[in-house]
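Trainee: I would like to learn how to read a model like this one. Please take me through it feature by feature.

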Amino acid sequence: MCAHVFGAIKGLFGKPFDGGKRMDPGMPQSPPQTQPPPPGFTVPAFMVPGFTVPGFTVPGFTVQHHPALIRLGEVHREVATLGPHVCTFSGLQNDREYKRLERELAKLQLEVDQVDTEGRADLQAARKRAAQEVEGLLRYMEENATHPSRLAIEQLSTEARSLVEDKIVAPQRSGGVAEINDELVDALQQLVLKLTQVKTEGRIPLRKARYRALTRLCAVQEVIEGRTQQTLSLPLSDDTHEAVHRINNIMVKVSVARGQLVALLMGLSGRDSCAHLSRILTELQVELDALDVSGNSVVRNYRKQVVEEINGLLKQLDLEEEGDDTRRYDLAQNDSIREIEGVRGHVSQLREAVLRSCFMGDFSFRPKAELQSLVTRLDQVDTAKNPCIREARRRAVLEVQAVITFLDLREALTFRQPCPAEHPAYRAVWTVLGNLSELQAQVLGFDGKRADKSYLMLEELLTKQLLALDAVDPEGHEPTKVSRKQAVKFAQNILSYLDMKTDEWEY
């Protein structure tokens with residue numbers, strides 16, 4: 001969209017705008033090159049070599065000092081300034097920043113409309129293109145702020161705020177105790193999972209909004225887990241050491257700060273700020289460092305644990321700047337994601353080779369050791385507690401395991417030697433497993449969408465195999481019971497894998 005929005009400016013002014021994509025100042029920049037005018041661009045009569053206009057140029061041309069073009073050049077520079085802010089704005093229409101950008105763009109619209117073209121077709125065309133650029137920015141910002149995915153992110157964030165307000169913030173403000181239990185932890189985790197499933201269509205504003213919502217919710221989870229997992233048999237008695245009384249008082253302040261941090265992270269604090277809370281926690285650290293506890297190892301360890309508690313809270317106060325770092329919310333630039341994608345590419349090659357060998361009747365190609373090594377690589381990927389990276393790794397592991405289970409079943413079917421006295425129900429289960437193996441091969445090679453006929457056919461055939469297993473009566477035969485249970489789980493796993501391949505998930 002950004003490329004489309006600024007395409008006409010390139011044609012008019014010869015200075016393509018990057019849409020805010022080059023956010024790394026250390027990235028090498030290509031030297032400016034003179035290019036011929038873009039296809040379909042007609043050079044107006046006044047654009048002739050040898051003339052210049054301060055502030056902008058047209059590729060391969062210079063232009064006369066016409067007042068209308070000078071003003072349009074000024075508009076171009078203002079659009080170039082606003083462009084990166086518009087293309088990375090991740091808020092809603094009622095946000096202050098949205099209204100500011102909207103006012104600035106509306107002002108530019110008015111100024112473009114007021115440019116006097118003196119009835120000249122070439123100047124009218126230039127003004128029209130400038131107006132389209134401004135309108136394009138306005139439309140792009142509105143589309144992102146009202147996008148269904150953006151509204152879904154806001155809805156999930158609102159649910160999280162309400163949950164934290166009721167269970168943690170409100171009780172602490174009234175002098176009570178926060179209701180932190182497994183039910184709260186599970187509810188927050190469900191919201192995190194729902195946020196990871198929100199589709200952004202690759203739009204930077206939507207990715208940024210999702211990332212910011214996730215980081216805050218995950219930070220709240222970490223603060224809560226830090227409290228619930230605390231195993232100190234402390235505070236110590238004030239009689240233990242003269243410094244213990246002061247450490248205990250600091251612990252009370254840290255507990256209050258924890259509640260303030262949760263409120264800040266979820267946007268439930270109207271008075272406090274991250275900077276203010278950071279100063280309070282830093283002052284508590286300084287106060288702890290000033291205590292003389294050198295002669296008592298128990299008290300020294302107590303102080304150390306309190307300092308670690310404060311450090312854990314301070315770590316969560318960097319989210320504002322972090323949310324503006326493209327490398328964080330655009331996970332395509334993330335090293336862990338790149339590692340995961342590298343593994344997925346390797347798995348894809350092995351999967352194709354396995355299916356090709358099976359199709360030709362050659363079952364000797366069994367790269368299980370190589371596949372297992374890929375699982376080990378995935379286990380070593382650092383997710384940095386990012387739920388999107390965790391989900392990407394989980395899905396990659398399932399892709400590897402799907403190929404491994406396919407090979408295992410093929411091997412079992414190849415070397416199976418049924419005896420004449422085999423129980424009929426047991427034989428029926430193995431017949432279904434044979435059918436499932438054939439279907440799994442098709443699922444592994446499937447690369448379509450849920451609306452495709454082949455998807456619906458695979459889903460129907462797999463469901464029929466489940467019904468066939470339900471119809472098997474073990475008649476008390478224990479091996480049949482076990483094998484049928486495993487076959488049902490296997491069929492369900494294939495269905496889940498097919499569903500995962502077609503859910504259009506993105507990180």
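**Reading the helices and the buried residues**

Mentor: Start with the ground rules. This is a predicted model, where local features need pLDDT of at least 70 and side-chain atom pairs count only at pLDDT 80 or more, while totals for chains, interfaces and linings use all residues. Residues are numbered from 1 along each chain as its sequence is written, and side-chain values use heavy atoms, with hydrogens and water left out.

Trainee: What does the secondary structure of the protein come to?

Mentor: Helices (H or I, at least four residues) and strands (E, at least two) are DSSP runs, numbered from the N terminus. Here there are 18 helices and zero strands.

Trainee: How many of the residues are buried?

Mentor: Buried means under 20% relative accessible area, exposed over 50%, and partly exposed in between (1.4 Å probe, protein chains only). Of the 507 residues in the protein, 44% are buried.

Trainee: Which residues of helix 17 are buried?

Mentor: First, the general idea. An α-helix has 3.6 residues a turn, so residues three or four places apart point the same way. In helix 17, the buried residues are Tyr-455, Leu-458, Leu-462, Gln-465, Leu-466 and Leu-469. They cover an arc of only 100 degrees around the axis, so they lie on the same side of helix 17. The arc is that of the directions from the helix axis to the C-beta atoms.

Trainee: What do these buried residues of helix 17 pack against?

Mentor: Helix 16 and helix 18 (478–501). Contact means heavy atoms within 4.5 Å. The face turned away from the buried side of helix 17 carries the exposed residues Lys-453, Leu-467 and Asp-470.

Trainee: Now a single residue. Is Ala-441 buried or exposed?

Mentor: Ala-441 counts as buried because its relative accessibility is 18%. Its place is in helix 16 (residues 424–445). Not counting residues up to four places away in sequence, Ala-441 touches Leu-355, Phe-406 and Arg-410. Also compare sequence with space: Ala-441 and Phe-359 are 82 residues apart in sequence and 9.3 Å apart, C-alpha to C-alpha.

Trainee: And a loop residue. Where is Thr-200 found?

Mentor: Thr-200 is in the loop between helix 6 (182–196) and helix 7 (204–228). Thr-200 is buried, because its relative accessible area is 1%. Leaving out residues up to four places away in sequence, Thr-200 touches Leu-206, Arg-207, Arg-210 and Glu-506.
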